[in-house]
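Open the model in your viewer and get ready to select residues by number.

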Amino acid sequence: MKSKPSNYEELLKRAIGHLRLSSIAIVVNALGLSAVIYGKIEDTELFTWLFLLLVISIFRFLSSWYYKNHQENFSLEEWGYIFYFPLIISSVLWGYASFFFFLEGNVLYQAVLIIIVAGLSAGGISSLSSLSRAINIFLSLLIIPLIIKLSMQGGFEYNIITALVTLYLLLIYKIAGQIHEHYFDIINSREMYEEEREKLSRSEERFGKMFKQAPLGIVIYDNDLIIREANQELVDFLEAPHDFLIGLDLHTLPDNSLLPSLESPLNDIEGFYEGEYRTKYKQKDLWISMSTSALKDANHNIIGGIGIISDITQRMLTQLKYEYQASHDQLTNIPNRAALLERIKYEIIRYQRHEVRFGLLFLDLDNFKNINDSLGHAIGDKLLKETAMRLKNIIRIEDTVARIGGDEFVILLPDLGSEENKSATNAEYIAQKVHIALRKPFEIEGYKLNISSSIGIALVDNKEENEHDLLKHADIAMYQSKKAGKNMSTFYQHKMDEWVKRRLGLENGLRDAIENKELEIHYQPIIEFSSGKLMGAEALLRWNSKEFGSVGPDEFIPIAEESGLIIHIGAWVLERSVQQFVAWKQAYGHISSFVRIAVNVSVRQFNDPHFVKQVEDILYSSGIAPQSLELELVESIIVKDINSARQKMDKLRKLGVRLSIDDFGTGYSSLAYLKRLPFTTLKIDKSFVQDIQDDVDDKELISTILTIAKNFNLEVVAEGVESYEQYSFLHERLCDYMQGYYCSRPMSVENFEVFFTATGGFCQVITTSELKH
């Protein structure tokens, strides 16, 4: 609807009057968007865009102020140019952002951009709808580039979003047009009231019709903040009867946050409020956006105010949903690392200002990987959920439990006390509650799972520490609990940093260990029970570091696994061991019983796509008989992907290579694999052998394993045989082979050759024992 020249000045005045608030809103949204996408857009482009937007927003803000105080200095036409040109530039800049700041492939940032654009368009309706051309320019330049960008993404979901945004644009075009007409009618009504009192009833009727049909809530109130009229839209979304609203004193609203915006028009100042609101009639929680302005009589005296209110609950709930998802772990629905770090920051500030001590419990579930690999990720995920629930049930209201990744949880413990000893006691008490809570078996899909946790405790004691320092300290202490035997708690001590530095040093040292000739392979004899003859040897890696001295395999092998160095090191061990075996066969061919070399294969090494080809090349280049090479596989290789493991194992068996399952009996489903996979040998873990003279259960278990192995035509090697009693028990039950200190420790190449020469390929201890008994 085209406005008359006499009304254009009033409409322009209303639009310019909104410039101060809308300019501030533009700047806030621009800064917010820049903060979110910083680092994702070229700095020059982002800062240029932001600078231009700030300059034009400041100009618009100042022009609004100048209009209010010096309107007479420019003609109406000139004020129109001053208003429209900056509006077009600002709209173009936002249209540029809608198109070029749309981060493809990142749904979260796209959602933030869409929310900001939606918010700007909704705010534009309140501030620009007095001029239909202005609001149409703003909406078109703001949203159409976004629609074009969305349509370019392709895919069903983006097509749906494009359609929805297009529909949204058409809808707000319609709403803006109706509000414009409403503004026009209000002004027209005022003019008619001033010019022709006799036409007042007709004017009121027309105004009332538009008032009632407006798509936004409208409320009119007097100078005492008593509601005099409310339209149907307001009645509907407040869910309050019209009679209840008319005559309502706005001072009695349960939410006083609206009062400043409602009172501003009484001082001839436009008001604005956007935020939460609880309704008086139904106590309903909403999010609203409200703009208020003065209502004046024919003599320009303020007689009350008018408020235009929109329900933005759905928009805000969507925004809050995204914020929640960004700060919470999707699996367990507890805070994530980002949220935890923010809360630690807050506690650090409290400690710095008031010396209120707090601490962290960093806990890792012991042997969770075995459960995950054996029973599948679905069971593992349910176990993590149950763990999170138990932790939430035992902590205090003020505590925070967060999942920061995998099976690692952190509990933030604020308000532990002002004294260090008391703080430590309180933290230890809560850690003990965690151990007790997790000790009770978890029953998940028919499985009864027993787990424990290793906990690291870090207490704040330095005002210079940041959130990352404290988390690292708790992590270090947790690893010390793991190292000390698991299922325990350890307080962080500054000397633990030395352990971290040592671990990093070991990793760096391992990278050059082969080149520096620091790695050495020792060999432990494998002895036949029935004859005492040397059947073969197992290759065991040793590291004599120039920097750290002798480093045990229990320390450096896990580091090699985690860093990926084990692939290169494992290949070197395999090749060297085979070469050494071939050399021994040539030098000691008279020892005919010596027919096998066993080499351990790590998980990463086995999963390497070139592993089978590597074994084939070593067989060819060394000339070793394939059946003389035995690869020892740990159970975690198998359970992670049994079908893939089966295919690779079949290829190795076709080459003639023997396969043994190492540390048998320590996993979850070992017996099930014996039938499905092409193993040739079974190695009984030394943990079962060590106590067979005293533990009836271990005796029964070993007897059962030996029976099953014979039924599957598997050879059996018992590890860790250290006494005659152990040897005798296994010999009586017809175990095939043994390894252990009872016969010999692992030996260097030189000492193993002495063993060849001195024993002639017999275990002297066994021979002597047989003679004595």
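Select β4 (285-296). With four residues, β4 gives the most to the lining of the second largest cavity. Strands here are DSSP runs of E, at least two residues, and helices are runs of H or I, at least four, numbered from the N terminus. The model is predicted: local features need pLDDT of at least 70, side-chain atom pairs count only at pLDDT 80 or more, and totals for chains, interfaces and linings use all residues. Residues are numbered from 1 along each chain as its sequence is written, and side-chain values use heavy atoms, without hydrogens and water.

A cavity is a set of points on a 1 Å grid over the protein atoms alone where a 1.4 Å probe fits but cannot get out; lining residues have an atom within 4 Å of a point. Points join across faces, edges and corners, and the volume is the space filled by probe spheres set on them.

The second largest cavity has a volume of about 110 Å³. Now pick Arg14, Tyr183, Ser293, Ile306 and Ile308, the closest to its centre among twelve lining residues.

Move to the largest cavity, about 220 Å³. Select Ile227, Leu238, Leu250, Leu253 and Tyr277: of 20 lining residues, they are the closest to the centre. Next show α9 (232-238) and α10 (242-245); they and β4 each supply at least two residues of the lining of the largest cavity. Here α9 gives the most, with three residues.

Definitions and conventions
1 Å grid on protein atoms, 1.4 Å probe; cavity = no way out; pocket = protein on both sides within 12 Å on 5 of 7 lines; lining within 4 Å.
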